[in-house]
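Thanks for passing this one over.

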Amino acid sequence: MEHKPCMTKYSTQGHVSQDKDRLNVHWDIVTICQLKCGYCYARNTYGKDWGKIAGKAVIDKVFEALGRSTLPFNLGLLGGEPTLSPHYNYIIQNIQKLDKFNKVYVTTNGMKDLRNLETDGVAFLFSYHPADCEDDEMFFNNVQYIKDKGLQLKVNILLHPNRKNWPKSLKMAERVQALGVKIHPHFIYAHWDRKLMRYHKGFFEYFSIFRNLEKDIKYDEDVYNDFEVYSYGLTKFKGWDCWNNNYELDVNGDVVKFCKEENTETSSIIRDLDYFKRIKQTESMVCPHSECNCDGLLKLKKERGNAIPMDDIT
């Protein structure tokens with residue numbers, strides 16, 4: 001019988017190479033997309049602001065604010081589908097000129113031909129949505145194009161809870177792996193309560209190939225990959241100290257730190273160009289959520305401190 005670890009035995013957690021004193025800025029440069037995924041947190045969150053494009057005035061203010069950053073930063077371009085922005089090339093070409101720039105990555109659904117877009121110096125995170133992707137060959141060809149250019153890339157395989165989508169997900173995972181490209185199992189959770197979607201019995205056995213992926217998340221001295229973390233339920237960090245260095249920048253230029261409680265006040269980059277300059281180091285915050293189901297946030301440095309083990313709470 002497989003040994004199943006539990007949260008109560010651990011007191012530290014995080015990615016093996018996490019750099020807490022580097023900002024991760026996630027920027028929604030558009031709120032438009034070709035797909036209509038039912039689980040899309042962006043479409044479900046933006047409401048009346050869905051269908052917008054960040055204009056040049058906002059973009060230039062973001063550049064100015066990031067140009068004043070005290071700490072090095074990684075910039076992720078999201079949306080919506082960021083490659084649909086008419087200013088995409090402008091952003092890619094100019095962001096890399098800033099003093100504290102470290103890395104830019106693009107999260108894309110792979111449904112736009114990337115051969116006509118600026119890709120030099122860009123890392124790509126492809127997201128394969130089995131229930132909504134209408135052209136698997138377009139997706140695969142884009143992955144192959146970026147691979148052939150020698151750029152950094154990874155493919156997120158969205159693990160849809162509906163069993164009818166499993167064969168499609170598994171097939172794409174195997175095709176991409178055959179190219180020598182890294183794949184990543186991406187679990188789906190409800191944005192409003194951060195709880196995982198309900199996966200059917202047999203799900204973890206069906207996708208068992210993911211158990212063999214690189215292990216890079218440390219729990220004390222034990223190391224797991226994402227698939228193992230979710231299958232073992234190692235996601236309960238409420239009350240733990242978390243060195244959260246992630247910031248969400250929306251299409252209007254408003255910025256807020258990830259994982260703040262509901263109704264937390266945001267700042268406008270347009271009016272506060274020194275927002276990132278004032279961040280001298282990453283301070284720990286107490287995790288307010290019962291579960292951490294975001295792939296990126298699961299990799300942040302965490303320490304239990306005085307938190308009551310969630311497995312002990314009834």
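1. Strands here are DSSP runs of E with at least two residues, while helices are runs of H or I with at least four residues, all numbered from the N terminus. Two strands count as paired if DSSP finds at least two bridges between them.

2. This is a predicted model, in which local features need pLDDT of at least 70 and side-chain atom pairs count only at pLDDT 80 or more, while totals for chains, interfaces and linings use all residues. Residues are numbered from 1 along each chain as its sequence is written, and side-chain values use heavy atoms, with hydrogens and water left out.

3. Within that sheet, β1 (residues 12-15) and β15 (residues 302-303) pair in the antiparallel sense over 2 bridges. Gln 13 has Lys 302 as its bridge partner in β15.

4. There is also an open sheet of 9 strands, with mixed pairing and the order β7-β6-β5-β4-β3-β2-β11-β12-β13. β7 (182-187) and β13 (267-268) are the edge strands, each pairing on one side only. β3 and β4 (residues 101-108) run parallel and are joined by 5 bridges; the partner of Leu 75 in β4 is Val 104.

5. Helix α2 (residues 56-67) has 12 residues and reaches 16 Å from first C-alpha to last, close to the 16 Å expected at 1.5 Å a residue (1.5 Å times one less than the number of residues). Its buried residues are Val 58, Ile 59, Val 62, Phe 63, Ala 65 and Leu 66. They cover an arc of only 165° around the axis, so they sit on the same side of α2. The arc is taken from the directions from the helix axis to the C-beta atoms. Buried means under 20% relative accessible area, exposed over 50%, and partly exposed in between (1.4 Å probe, protein chains only).

6. What do the buried residues of α2 pack against? They pack against β2 (23-28), β3 (73-78), α3 (88-95) and β11 (246-249), where contact means heavy atoms within 4.5 Å. α2 lies across β2, β3 and β11, at about 180° to β2. Angles run from 0 to 180 degrees between N-to-C directions, with axes fitted to C-alpha atoms, for helices over the stretch in contact.

7. Ser 169, in helix α5 (residues 166-178), counts as buried because its relative accessibility is 1%. Leaving aside residues up to four places away in sequence, Ser 169 touches Tyr 128, Pro 130, Ile 157, Leu 158 and Phe 207.
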